[in-house]
Amino acid sequence: MIKARTWFTLFIVSLATVAATASCGSSDEATGGPSAGASGVAGGSIIAGAGRAVGRAGASSVSGGGGGGNVGSSTLGIACTADTQCGEGMVCAKANGTAFGDGGPSHGMCTMSCASNIECDAISAGALCLDFGTTADPQGYCLDGCVQGDPAGDLSTKCAGRSDFVCMDVGQDSVQTVCVPHCRSDAECGSGLFCDKTSPLGLCSKTKPPAGDPVGTPCTPSTSTNPVPNTCEGYCIRTSADNVTPVTGACVELCADGFECMYGSGSAPKPGGLCGGQLTSADFGALDLGYCLPNCSCTGDCKLDGDLCRKWPAADADLASLLGAPGVCFPVVSQSVELTCGEGGAGGAGGAGGDGAGGAGGDAVIPEAGGASGSN
């Protein structure tokens, strides 16, 4: 059984040392989204293409269907409001409950109390037993297993297709990936509850989290030798390369790859971006733990160093409508154009647009590798 509190603390430290080496992607997926190849951002963080999200963002996020995670017909991980929906021996960990210590998963989650991984694996292959209790009062619950990267079958076969869950590695000495609750907004939690997005385990709480700095704000990431409090509304990732001082960082929002993110407040919040930022160099696909790529109207809206406002191509009109913005902040704009700010307007073919004050944004065509200009 894995001690959840200890492990999530270790994860917070590990994110501060994201690999600094990555090659820039040079081609887009057939869907027309941003490049699927990993790209270095600000010398340290790694992000992957959001193109795979086309046609998936906006999908049913909490129905759970009739299956659990990757294997069989277990109800493990599906949304619930009562124990009777989960089956014999299973319980519903509710959003307003305290099964996971500090709170509960948004929309509820079918699970089972456990003392070992063997018990969880018996109901769903690959499931693990995580201890959400204390040393004096241990309390284990099963979390469904998952495989990083895009699922081979239907999306519902991974983390029950839930956008309020993320697939992440909780192994310390070996790769052990499970589906972890991660709410996206207070609205997902329900009346009187608040979504705490400051760690990978995003639970609904009766206590409002302390106000933090918004996405894009400079921050100081923790390291194993310099642990510091998280000042972000979401999480602080490292943006400086390994062995470079001073260590710098930026606030981001953690999320499930391929789904809308950065929801605002209110009973019907709208998405402020699309999840496609990659935190590690491992296989990365639908529902894996990533960070949000913010919406933008022009490059001036993008806060992370090196990001440009990449216009959604015409083929992605539905996605642009869903997100409510013409572009997304991304370091690569091949096979599309950069939306620039100000009166400088569009540059010539392969040139950069001006960055004057005021005025409507222009389309600056950005050349791909080899000098060919992109098209939308």
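**Salt bridges in the predicted model**

Glu253 forms a salt bridge with Lys197 (a side-chain nitrogen of Lys or Arg within 4 Å of a carboxyl oxygen of Asp or Glu), and their closest N and O atoms are 3.2 Å apart. This is a predicted model, in which local features need pLDDT of at least 70 and side-chain atom pairs count only at pLDDT 80 or more, while totals for chains, interfaces and linings use all residues. Residues are numbered from 1 along each chain as its sequence is written, and side-chain values use heavy atoms, with hydrogens and water left out.

**Glu253 and Lys197**
- Glu253 lies in the loop between strand S15 (249-252) and strand S16 (254-256), and Lys197 in the loop between strand S11 (194-195) and strand S12 (204-205), so the pair ties together parts that are 56 residues apart in sequence; strands are DSSP runs (E, at least two residues), numbered from the N terminus.
- Glu253 is buried (under 20% relative accessible area) at 8%, and Lys197 also counts as buried, at 10% relative accessibility.

**Arg184 and its network**
- Salt bridges that share partners join Arg184, Glu188 and Glu260 into one network.
- Within the pair of Arg184 and Glu188, the closest N and O atoms are 3.1 Å apart.
- Arg184 counts as buried at 10% relative accessibility, and Glu188 counts as buried at 10%.

**Asp288 and Lys158**
- A salt bridge joins Asp288 to Lys158, with the closest N and O atoms 2.8 Å apart.
- This pair links distant parts of the chain, 130 residues apart.
- Asp288 is buried, with a relative accessible area of 1%, and Lys158 counts as buried at 1% relative accessibility.

**Whole structure**
- A search of the whole structure finds five salt bridges.

Definitions and conventions. Helices (H or I, at least four residues) and strands (E, at least two) are DSSP runs, numbered from the N terminus. Buried means under 20% relative accessible area, exposed over 50%, partly exposed in between (1.4 Å probe, protein chains only).
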